[in-house]
Amino acid sequence: MFVSKAAVVGAGTMGGEIAQAIAAADIPVVLKDIKQEFVDAGLEKAREVTKGQLDRLVKKEKLTQEQADARLEEVLGLITGTTTYDGFGDVDFVIEAAPERMPIKQQVFAELDAVTPGHAILASNTSSLSISEMGDATLRPHKVVGFHFFYPASVMPLVEIIAGDATDEETMSAAVNFAQAIRKQPITCSEVPGFVVNRILMSAMGEIWRAQAEGKLSIAKIDQALTEANATPMGPFFLIDQLGLDTVLHVAEHLHDVYGESFYVHQGIRDLVASGKLGAKSGGSGTYENGQPQLEGENEPDPEEIVDLMSLKALVEACLLLEEGVCTVREIDLGMMAGAGMDPRRGLLPPFMKADVLGLDVVLEKLERLQERYGDRFAPPVTLRRLISQGRLGVKSGQGFYAYPQPDEGEQPETVKLETRGNVAIAWLANPPMNAISPQVIRDLAEVWRRVEDDENIGAMVIASSVPVVFSAGADIKAFTSMDEAAGKELIDTGHATLRALGSSRVSTVAAVNSIAFGGGCELAMACDFRIAAESAIFGQPEIKLGIIPGFGGTQRLPRLVGPAKALEMNLLGDAVTAGEAYEVGLVNAVVPDHELFDTALAWARRLAGQAPLAVEQIKRVSHKGDLDEGIEAEKAGFATVFQTEDAKEGIAAFLGKRKAHWRGH
């Protein structure tokens, strides 16, 4: 399903900013509200946001003022304000941004169901209400989805895409691609109150509220302790002043009603809201006024205790989301990065990354102490105990919620690290932040592959990412375009030769795809013999969107894996494919939970490494070779070659002798 025209219902601050984000991606959008004054306010918000963005580009000398003025009118010209549904007859994607009341939402969805074409997706920007209940108000619940922006929508990159009970996979896939088209970072999840980021934040923030209220602690000192420890990008009390106390309180009360005492509601904040002190939206008076705290409490907090309460409760809630099957490891962390400002580049780590860095055994000890003091709100999650019992303690052991490289000693290439574990090698892509396939990566991968092939003891190699949230986002186009023609050709030839060798050598190859595998990253995975995907993995060949074509085998290997029709679709549309769809069409061999990816890929590699190497090589070389007659001839030649080897004699003797064969590659 493709989005050529969109609509937003509700022209408040969020609605105006959402419409602006869509128009800024050059997609026409209708902005509707019940009164013209509301529509005008939404249009003005869109103008204000667009002008601010363009002014910054002018200041950086990336645009002239004349270009900025022209672009401003171009973007605003794509937004049509209206108080009726007259322009909804040809929309493809509608985002409802009405007030957070279910009766209002259901009324809007019933109206949208009647005025939009049957293929249109109906989405809600709700922060916590049931998508399924909204879908029940329509005749197309399979096309109803949550599409939750974070405030301010013009700045925050995250969109949570929530599946209701009836939402189908096609709708989810279309929503993911639409989010990417408007330059947002999507994560997908199942429907639970609070979804992902708000549930984790409110659970963790509630512990801070509880500690403050019960201990009469200074909110200024709490905010200071958490920011100085890099536990949060800004203090939780300062944050809610920016978001609006009424908005935060509404979510907190809703989650308390659903989940009980694990979610605390601060009576002092209730009182502030009742008196109209809502933070920035009410003139700046909220938990602070002119920099002075407005909540009772002057006692000094214990900084370490405050940090642990916030961080460890966030981890507990994240694990519960994982164990309930709501979301995946990588998407939970990515959601906290994009929606809560937990930026690893600034030392702010999301829950699972932070636990891995600290050490899961250390985290367990801390949680047990907190459980003893505060009760079962801090009970160590089952997932945490399981990982520890498996020896997966985080970074220090090479595996925790994520896998981490432990490269061999000695000189290592810059962007691809080699690790050997018995007869299995691991090539770790290590070119952060996005593991772009740069000229240096191609050289380094070729060097690692040469070392692997030179070692007769190695029978299989896993290609994995050392960056937890990406496999490889594609080729480094800028680096390639800066090369002269001769150097570029030599490098392309080297890359193709290396990728070809991955699929034709005696060494079996397995790609452990943890996340984004776009363009050259997808082509690297396809060059391997097998692809194991994490549930969070996403694949695509988006080169067409740059006006180019795949350059590392994407037009050749993709049809062999998924068939010519699906390959043509992927290459001509350039849209992303989820791990589930990739498995259905044959692009990947297995899909596993994020935290089981590396173990699964390693298990495949160990099994493959035990196979007869010369037979492996011949099978790989003759499989699917040309047309059927050419392939049969290649198979006959390969069979004859292998049948005369020492390995073949050993294998037959072992079979007859009912013993395990010992391969030597001779």
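# Cores, cysteines and salt bridges in a predicted model

The sulfur of Cys-522 lies 11 Å from the closest cysteine sulfur, which belongs to Cys-528, and this is too far for a bond. The structure shown here is a predicted model, and it holds 0 disulfides, whereas its salt bridges number 35. The points below begin with the cysteines, then turn to the nonpolar cores and a surface patch, and end with the charged side chains.

**Cysteines without a partner**

- Cys-522, whose sulfur is too far from that of Cys-528 for a bond, is a buried residue with a relative accessible area of 1%.
- Cys-189 is likewise in no disulfide, and the nearest cysteine sulfur, that of Cys-327, is 5.7 Å away, while a disulfide would need the two sulfur atoms to be within 2.5 Å.
- Cys-189 counts as buried, because its relative accessibility is 4% and the cut-off for a buried residue is under 20%.

**Nonpolar cores**

- The largest nonpolar core is built from 139 residues, and those with the most contacts inside it are Ile-22, Phe-147, Phe-178, Trp-209, Phe-352 and Phe-401.
- Helix H12, which covers residues 303–323, gives the most to this core, contributing 12 residues.
- Apart from this core lies another one of 44 residues, which includes Leu-499, Met-526, Phe-539 and Val-588.
- When residues up to four places away in sequence are not counted, Trp-209 touches Met-202, Phe-237, Ile-240, Val-248, Ala-252, Tyr-264, Val-265, His-266 and Ile-269.

- Ile-477, Leu-546 and Ile-548 make a nonpolar surface patch of about 260 Å².

**Salt bridges between separate parts of the chain**

- Arg-47 and Glu-73 meet through their side chains in a salt bridge, with 3.6 Å from N to O.
- Because Arg-47 lies in helix H2 (residues 36–59) and Glu-73 in helix H3 (residues 65–77), this pair ties together parts that are 26 residues apart in sequence.
- Both members of this pair are partly exposed, Arg-47 at 31% relative accessibility and Glu-73 with a relative accessible area of 45%.
- Arg-199 forms a salt bridge with Glu-324, in which the closest N and O atoms are 2.9 Å apart.
- Arg-199 lies in helix H7 (residues 197–215), while Glu-324 lies in the loop between H12 and helix H13 (329–340), so the pair ties together parts that are 125 residues apart in sequence.
- Arg-199 counts as buried at 1% relative accessibility, whereas Glu-324 is partly exposed, with a relative accessible area of 45%.

- Lys-489 and Asp-493 both lie in helix H19 (residues 485–502), where they are 4 residues apart, about one turn of the helix.
- Lys-489 counts as exposed at 54% relative accessibility, while Asp-493, at 38%, counts as partly exposed.

Technical notes: Residues numbered from 1 in each chain as written. Predicted model: local features only at pLDDT ≥ 70, side-chain atom pairs only at ≥ 80, totals over all residues. Heavy atoms only, no water. Core = buried A, V, L, I, M, F, W, Y, C linked by side-chain atoms within 4.5 Å. Buried < 20%, exposed > 50% of the residue type's maximum accessible area, 1.4 Å probe, protein only. Helix = DSSP H or I, 4+ residues; strand = E, 2+ residues; numbered from the N terminus. Contact = heavy atoms within 4.5 Å. Patch = residues over 30% accessible without salt bridge, like charges linked within 9 Å, V, L, I, M, F, W, Y side chains within 5 Å. Areas by Shrake-Rupley, 256 points an atom, 1.4 Å probe, with all protein chains shown as cover. Salt bridge = Lys/Arg side-chain N within 4 Å of Asp/Glu carboxyl O.
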